[in-house]
Amino acid sequence: MSRNPNCPFCSLDTRVLKENNLAQAFLSNPRKVPGHFLVIPKRHIEQPWDLTKEELADIFELIFFIEKRIVSQLGEGADIRQNYRPFLKQGKLKVDHVHFHVYPRYNEDYLYKVAEKYEADLFTELDPSEMAEFAKLLKD
Ligand SMILES: [Zn+2]
């Protein structure tokens with residue numbers, strides 16, 4: 001398994017709470033909300049599209065396991081998120097090793113109150129010319 005000596009996710013050791021053949025799950029530290037998990041491939045990869053089908057299957061097996069546990073034992077819902085932001089330098093809040101966030105959500109929870117209630121203003125009706133422009137992105 002390829003590891004990067006400068007990567008905090010390549011040497012998790014005792015932080016790993018659940019794993020399968022190609023993926024691991026652990027708690028995010030720092031975390032956004034209580035119950036904020038991260039799921040990663042064991043192999044050090046920085047671009048999500050470099051994940052193999054087998055790694056994706058193992059990653060999503062852990063993601064859905066955690067999501068089901070969160071929903072059945074902690075609360076009402078869950079968010080799954082993957083950020084690709086190579087323009088940010090690696091630091092305490094940004095690690096280059098591909099990772100998926102999984103965390104519990106509740107009606108009008110903390111994340112809603114401090115951020116998402118303001119996001120409603122960001123949504124706008126899709127303009128036909130914009131639709132045509134971005135549809136081109138997926139052609140061939
Ligand atoms: Zn790594």
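Colleague: Helices are DSSP runs of H or I with at least four residues, and strands are runs of E with at least two, numbered from the N terminus. With that understood, in what order do the elements of the chain run from the N terminus on?

Modeller: The model is predicted. Its chain has three helices and five strands. From the N terminus on, these elements run β-β-β-α-β-β-α-α.

Colleague: In what order do the five strands stand in the open sheet?

Modeller: S1 and S2 run antiparallel and are joined by two bridges, and five bridges join S2 to S3, also antiparallel. S4 and S5 are likewise antiparallel, joined by five bridges. The five strands together form an open sheet with antiparallel pairing, in the order S1-S2-S3-S5-S4.

Colleague: Which strands stand at the edges of the sheet?

Modeller: In the open sheet, the order is S1-S2-S3-S5-S4. A strand at the edge has a single partner, so one of its sides is left without a neighbour in the sheet. The strands in that position are S1 and S4.

Colleague: How many residues lie between S1 and S2 in their hairpin?

Modeller: The two strands are antiparallel, and Lys 18 has Ala 25 of S2 as its bridge partner. S1 and S2 form a hairpin, and the number of residues between them is three.

Colleague: Which residue of S3 is the bridge partner of Leu 27?

Modeller: S2 covers residues 23–27 and S3 covers residues 37–41. Five bridges join these antiparallel strands. The bridge partner of Leu 27 in S3 is Phe 37.

Colleague: And which residue of S5 is the bridge partner of Asp 79?

Modeller: S4 spans residues 77–81 and S5 spans residues 100–105. The two strands are antiparallel, with five bridges between them. In S5, Asp 79 is paired with Tyr 103.

Colleague: How far apart are the end C-alpha atoms of helix H1?

Modeller: Helix H1 takes in 22 residues, 53–74.

Colleague: Within what arc do the buried residues of H1 fall, seen down its axis?

Modeller: Asp 58, Ile 59, Leu 62, Ile 63, Ile 66 and Ile 70 are the buried residues of H1. They line one face of the helix, because, seen down its axis, they fall within an arc of 130 degrees.

Colleague: Which residues are exposed on the other side of H1?

Modeller: The buried residues, among them Ile 59 and Ile 70, pack against S1, S2, S3, S4 and S5. On the other side of the helix, the exposed residues are Lys 53, Glu 54, Lys 68 and Ser 72.

Colleague: What angle does the direction of H1 make with that of S5?

Modeller: Five bridges join S5 to S4. H1 packs on the sheet and touches S1, S2, S3, S4 and S5, and its direction makes with that of S5 an angle of about 15 degrees.

Colleague: Which element gives the largest share of the largest nonpolar core?

Modeller: The core holds 18 residues, of which Phe 37, Val 39, Leu 62, Ile 63, Ile 66 and Val 102 touch the most other members. Two or more residues come from each of S2, S3, H1 and S5. The largest share, five residues, comes from H1.

Colleague: Which residues does Ile 63 touch, not counting those up to four places away in sequence?

Modeller: Ile 63 is one of the buried residues of H1, and these pack against strands that include S3, S4 and S5. Not counting residues up to four places away in sequence, Ile 63 touches Val 39, Ile 80, Phe 100 and Val 102.

Colleague: Which peptide bond is cis, with omega near 10 degrees?

Modeller: Most peptide bonds are trans. Pro 30, in the loop between S2 and S3, is on one side of the exception described here. The cis bond runs from Asn 29 to Pro 30.

Key. Residues are numbered from 1 along each chain as its sequence is written. This is a predicted model: local features need pLDDT of at least 70, side-chain atom pairs count only at pLDDT 80 or more; totals for chains, interfaces and linings use all residues. The expected span of a helix is 1.5 Å times one less than its number of residues. A residue is buried if 20 or more other C-beta atoms lie within 10 Å of its own, exposed if 12 or fewer, and partly exposed in between; C-beta atoms are placed from the backbone. The arc is that of the directions from the helix axis to the C-beta atoms. Two residues are in contact if their C-beta atoms, placed from the backbone, lie within 7 Å. Two strands pair if DSSP finds at least two bridges between them. A nonpolar core is a set of buried Ala, Val, Leu, Ile, Met, Phe, Trp, Tyr and Cys residues joined through C-beta atoms within 7 Å. Axes are lines fitted to C-alpha atoms, for helices over the stretch in contact, and angles run from 0 to 180 degrees between N-to-C directions.
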